[in-house]
Amino acid sequence: MTNENNTPLKVMKGGMTKAPRGKAQRADRAAGVRPEFERLRKIIYSTQTVCGICGKPVDFSIKPPHPLSPTIDHIIPLAKGGAPADLSNLQLAHRICNLQKKNKILVAEVKDEREKQISNRILPQHADWTKQS
Ligand SMILES: [Zn+2]
């Protein structure tokens with residue numbers, strides 16, 4: 001079992017970030033990778049423009065917690081052993097897409113068949129998040 005929310009946040013090395021307190025960010029759990037993750041996040045934000053999950057453009061003018069705000073997705077989730085701060089395991093994604101994907105993976109783990117298990121990068125195409133505001 002993974003506990004996505006119950007793990008106490010470790011003291012972050014290498015300085016604080018703007019992340020609001022109380023909101024668990026997965027990268028924070030791996031103490032020590034945070035500075036590297038932040039560095040890679042900046043690289044991705046400056047080099048990628050399209051959501052790696054839904055394939056639609058990401059608008060960097062949209063700020064969290066808007067569902068279409070940009071975020072960094074771990075292609076292989078940390079819970080699945082993915083590297084927390086490796087450029088090859090990180091991609092640009094919409095916040096909502098990242099959340100949807102996470103839900104799918106959790107659903108699959110508990111073998112809840114309300115939704116079919118789908119592959120990492122392919123989400124149902126019936127949801128066009130860019131049409132939402
Ligand atoms: Zn997306």
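The legends below describe close-up views of a predicted model of the protein.

**View 1. Overall arrangement of helices and strands.** The protein contains three helices and two strands. Along the sequence, these elements follow the pattern α-α-β-β-α. Of the 133 residues of the protein, 20% count as buried. Among contacts with a separation of 6 or more, 51% join residues 24 or more positions apart.

**View 2. Pairing of strand 1 with strand 2.** Strand 1 comprises residues 70–74 and pairs with strand 2 in the antiparallel sense, over five bridges. Within this pairing, T71 stands opposite A93 of strand 2. In general, the side chains of a regular strand alternate between the two faces of the sheet. Strand 2 is mostly covered, as four of its five residues are buried.

**View 3. The largest nonpolar core.** This core has 13 residues, and those with the most contacts inside it are C51, I53, L92, A93 and C97. Helix 2 (34–47) and strand 2 (90–94) each supply at least two residues of the core. The largest share, three residues, comes from strand 2.

**View 4. The surroundings of C51.** C51 is one of the residues with the most contacts inside the largest nonpolar core. Which residues are in contact with C51 when its neighbours within four places in sequence are left aside? They are K56, V58, L92, A93, H94 and C97. Of these, L92, A93 and C97 are also listed among the residues with the most contacts inside the core.

Note on methods: Residues numbered from 1 in each chain as written. Predicted model: local features only at pLDDT ≥ 70, side-chain atom pairs only at ≥ 80, totals over all residues. Buried ≥ 20, exposed ≤ 12 C-beta atoms within 10 Å, placed from the backbone. Contact = placed C-beta atoms within 7 Å. Core = buried A, V, L, I, M, F, W, Y, C linked by C-beta atoms within 7 Å. Pairing = 2+ DSSP bridges.
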